[in-house]
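This briefing covers strand pairing, salt bridges and surface charge. Please look over the sequence and the structure first.

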Amino acid sequence: MSLRIDPEHVKRYRQIALLLIRHGRGDLVRSAGIDVALDEEAAEGDPDAAIRLAEDLEAMGPTFVKLGQLMSSRVDLLSPAYIEALSRLQDGVAPFSFEEVEDIVSSELQVRLSAVFPTFESTPLAAASLGQVHRATLRDGREVVVKVQRPGIREQVRKDMEVLADLALFLDKHTDTGRRFGFVQLLEEFRKALVDELDYRREADNLARMRDLVADHDLIVVPEPVPDLTTSRVLTMEYVAGKKVTALGPLGQLELDGAPLADQLFAAYLDQVLVQGVFHADPHPGNVLVTPDGRLVLLDIGMIARLAPAVRDKLVKLFLALADARPEEVTRIAISLGERLPEFDEAVFARAVADLVGRSADASLSDLDLGALVLQLTRKAGEAGLRMDPELVMLGKTLLNLDQVAATLDPGFQPREALQRHMTGLMKSSMGTSPATMMASLLEAKEFVEELPGRVNRAFDAVGEGNFELRIKAFDEDEFLRGLHKLANVLAAAVVLAAMILASALLARPSGDGTSVENQIALVVFVVAVTVSLGMLARIALHSRNVRTSRQP
């Protein structure tokens with residue numbers, strides 16, 4: 001059975017088929033029947049290289065770049081080499097014309113471009129597959145940047161998603177690989193993330209939220225959005241001059257005092273993850289700038305992740321256990337953060353964690369990448385049959401990018417040492433409660449104090465009168481079922497024995513010599529019934545005595 005190929009999407013099917021063949025999945029191509037879209041020269045045998053895969057995805061356009069970036073968080077599906085390559089995916093493309101920019105901005109803001117922006121640079125500062133950024137000024141003199149969505153990108157994404165949806169559904173139904181990993185579910189996760197990125201109003205909200213989160217860190221800057229000049233396709237925000245961290249040369253690194261920058265960036269993200277429960281999920285090195293006055297600028301806040309309080313508490317314990325190299329504790333916490341699949345083998349997972357933690361403990365502090373360690377932990381969990389929470393996988397990817405930024409700013413940066421140094425302060429902050437929680441606790445304490453004297457008096461009165469009762473509800477279901485089963489057996493046996501005695505009485509007939517066949521059968525049945533009854537009584541008496549003996553101190 002093969003997939004029905006839509007003529008409108010033949011070119012896209014061919015690109016996907018070539019991509020799968022180059023990277024060793026020609027079986028999926030033949031299973032789906034899309035090999036008919038290939039030219040005769042297409043053949044398997046291209047090197048299975050992670051870097052080549054990243055380059056192929058970049059060449060296929062924005063949808064596949066974003067898909068690769070999403071898959072970089074699936075350590076349960078891909079090897080570390082692919083995870084690393086896909087995490088570094090870039091989507092730089094040629095800019096679109098200024099005339100198109102002007103049309104989009106004017107249409108979205110419902111006003112002429114010059115009426116809002118006295119100056120608007122025609123050459124973009126940067127261009128990517130989803131949009132590009134232009135520098136401009138407002139009428140009040142503020143310098144801003146305007147992010148404009150690429151024309152036609154939504155339609156292109158829609159068509160690509162149709163192709164991917166067809167393939168995912170077919171593979172899930174007709175291949176073992178699809179049934180195992182669930183491509184339809186993966187694609188739905190990807191679709192939601194991409195829809196969010198195509199709505200610039202969400203990014204504006206994320207910028208505002210992130211500014212609040214880093215307000216106490218003087219070396220970190222997040223541009224301020226301009227809500228009145230922001231729509232789903234146009235984002236206006238504060239302009240902050242800076243140079244990409246990835247563009248810093250050896251001389252620039254020497255002139256930069258990177259140690260405090262790396263340390264504060266690491267501390268800010270630990271605070272977001274472990275205290276605030278909201279963190280920037282994609283601090284890619286290409287989206288971090290260094291300002292002329294030596295501060296860090298965080299850009300492209302299109303994706304924010306949230307953590308529940310219970311998850312944050314477990315992550316604090318997990319990080320402490322990793323920092324102190326305690327594999328048993330790491331195993332226990334990781335299991336509590338995941339979902340046990342039917343094939344989960346705890347012993348195998350415990351051995352894998354012990355090996356992973358042991359190797360990280362033997363590594364030098366400067367060689368330890370906290371993000372890589374978390375991703376390896378989630379991968380070991382997947383191999384053992386433990387499906388980790390998506391939040392932990394996303395956090396691992398975030399920390400991996402963070403490690404790269406910190407290493408660029410300060411090659412001697414030591415994540416484990418920084419984690420141990422900042423953890424005490426973070427734990428103190430996490431102990432704080434909101435006013436609402438504090439008020440609820442105070443009301444409960446007030447009720448407890450008011451009711452306590454009366455309850456104590458009633459308890460002592462009951463003791464003095466000899467009416468004090470201590471009720472403990474303890475129910476051993478297994479023991480109860482065993483006892484019920486034994487009782488049922490005894491009752492059934494008693495009924496059978498009673499029936500046998502009754503049958504013997506009915507069979508017996510008065511006769512002089514008692515040698516009739518009926519009398520002989522009745523006698524045998526009666527003797528058997530009496531013997532079994534005596535045996536049952538003896539067994540019950542013996543069991544009761546054993547129970548009394550076992551209960552004596």
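How many bridges join strand E9 to strand E10? Three bridges join E9 (residues 288–290) to E10 (residues 296–298), and the two strands run antiparallel. The model is predicted, so local features need pLDDT of at least 70 and side-chain atom pairs count only at pLDDT 80 or more, while totals for chains, interfaces and linings use all residues. Residues are numbered from 1 along each chain as its sequence is written, and side-chain values use heavy atoms, with hydrogens and water left out.

**Strands and sheets**

- Helices (H or I, at least four residues) and strands (E, at least two) are DSSP runs, numbered from the N terminus; two strands pair if DSSP finds at least two bridges between them.
- Within E10, Val297 is the bridge partner of Leu289.
- An open sheet of mixed pairing is formed by four strands in the order E5-E10-E9-E7.
- Strands E5 (220–221) and E7 (243–244) stand at the edges with a single partner strand each, so one side of each has no neighbour in the sheet.
- Strand E3 (residues 131–137) pairs with E4 in the antiparallel sense over seven bridges, and Val133 has Lys147 of E4 as its bridge partner.
- Five residues lie between the strands of the E3 and E4 hairpin, where Gly141 takes a positive phi near 95°.
- E4 is also joined to strand E6 (residues 234–238) by five bridges, again running antiparallel; Lys147 has Leu235 of E6 as its bridge partner.
- In strand E4 (residues 143–149), six of the seven residues are buried (under 20% relative accessible area; exposed is over 50%, partly exposed in between; 1.4 Å probe, protein chains only).

**Salt bridges**

- The whole structure holds 16 salt bridges (a side-chain nitrogen of Lys or Arg within 4 Å of a carboxyl oxygen of Asp or Glu).
- Glu108 and Arg233 meet in a salt bridge at 3.7 Å, N to O.
- Because Glu108 lies in helix H6 and Arg233 in the loop between E5 and E6, this pair ties together parts that are 125 residues apart in sequence.
- Arg295 and Asp293 form a salt bridge with their closest N and O atoms 3.1 Å apart; Arg295 is partly exposed at 29% relative accessibility, whereas Asp293 is exposed at 51%.
- Glu329 and Arg332 form a salt bridge with their closest N and O atoms 2.6 Å apart.
- These two residues are separated by about one helical turn, because Glu329 and Arg332 are three residues apart in helix H15 (residues 327–337).
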